[in-house]
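Below is a short note for a colleague who is meeting this structure for the first time. Please read the numbered points with the structure open.

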Amino acid sequence: MKDAFGTPQSLLVLGGTSAIGLATARRMIARGVRTVWLAGRPSPALTAAADSLRALGTDVHTVPFDALDTESHEERLGKIFTEGPVDVVLLAFGVLGDQAHDEADPVAAVRVAQTNYTGAVSAGLVCAGALQAQGHGSLVVLSSVAGERARRADFIYGSSKAGLDVFAQGLGDALYGTGVHVMIVRPGSVRSAAAPGRSGSRRSGFATTPEAVATAIELGLRRRSETVWVPGTLRMAMSAVRHLPRPLFRLLPV
């Protein structure tokens, strides 16, 4: 357990095989976290992720969790909080989808939206309520720079992240003063084995890595930040992009 500004001792990762989630867990274990819950669909990958964290000397539990099965969220996630306080919840699940395919397959497009937005709203509210009931904790919501403005290349994914971002902003305002801290993380394109950075982001210098995002999350938690951009230069760049006239925006290689 921790006080409002103390060192976290426990972490719940929603999206237990997420590269960013696992990088964050490793970093926070090095900083003192002693209990980790990895919530995700049961799979060899989830088991391997848990084993890799146990090797670092921490207590790790896996929890069956499906973003699309919203009716199970309250029972499965709520049970975690009955076993002890959770200092940090990291909402790290999501799917990129395949823009070209999903435009021609509305069912697939809806699956992206339901996973990234509807599932996150459900899980976010369940965890926020539990954090408020225990009187302290941080909810970290992994958003994306893709949600800042619709791009031809990924507007289905981007729209789901835009909705999630606005939801998290409002949730943070609703919980202000309750002892619960909500932090939104907006990374650029993330380079990892599971999700290599998009070529446009690599050229622009706005790509990042799971480890860099984890570092920014840990620093943001210590600072009680409300919004974190990774890399930090994205903040000013996206401020300019957000206000660029639409005819000019369409000419950009995005």
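**A buried asparagine, a helix pair and model confidence**

1. In this predicted model, Asn116 has a relative accessible area of 1%, and because this value is under 20%, Asn116 counts as buried. Asn116 belongs to helix H5, which covers residues 106-134.

2. Beyond its neighbours within four places in sequence, Asn116 is in contact with Gly94, Val95, Tyr157, Ser160 and Leu164. Gly158 is 42 residues away from Asn116 in sequence, while the C-alpha atoms of Asn116 and Gly158 are 9.8 Å apart in space.

3. Helix H1 (residues 19-30) and helix H8 (residues 210-223) have axes that come within 8 Å of each other and cross at roughly 55 degrees. That angle makes H1 oblique to H8, and the crossing in which H1 passes H8 is right-handed.

4. On the H1 side, the residues that meet H8 are Ala19, Ile20, Ala23, Thr24, Arg26, Arg27 and Met28, and on the H8 side their counterparts are Pro210, Glu211, Val213, Ala214, Thr215, Ile217, Glu218 and Leu221. Sorted by class, this contact of H1 with H8 consists of nine nonpolar, two polar and four charged residues.

5. As for confidence, the mean pLDDT of the protein is 90, and 92% of its residues reach 70 or more. Over residues 1-5, however, pLDDT stays under 50, and the model has 13 contacts beyond four places in sequence for this stretch. Residues 194-204 also have pLDDT below 50, with 19 contacts in the model beyond near neighbours in sequence. Where pLDDT is low, the predicted coordinates should not be read in detail.

Terms used
Residues are numbered from 1 along each chain as its sequence is written. This is a predicted model: local features need pLDDT of at least 70, side-chain atom pairs count only at pLDDT 80 or more; totals for chains, interfaces and linings use all residues. Side-chain values use heavy atoms; hydrogens and water are left out. Axes are lines fitted to C-alpha atoms, for helices over the stretch in contact, and angles run from 0 to 180 degrees between N-to-C directions. Helices (H or I, at least four residues) and strands (E, at least two) are DSSP runs, numbered from the N terminus. Angles under 35 degrees count as roughly parallel, over 145 as roughly antiparallel, 65 to 115 as roughly perpendicular and the rest as oblique. A crossing is left-handed if the near helix is turned anticlockwise from the far one by less than a right angle, and right-handed if clockwise. Contact means heavy atoms within 4.5 Å. Ala, Val, Leu, Ile, Met, Phe, Trp, Tyr, Cys and Pro count as nonpolar, Asp, Glu, Lys and Arg as charged, and the others, Gly among them, as polar. pLDDT is the predictor's confidence in each residue, from 0 to 100. Buried means under 20% relative accessible area, exposed over 50%, partly exposed in between (1.4 Å probe, protein chains only).
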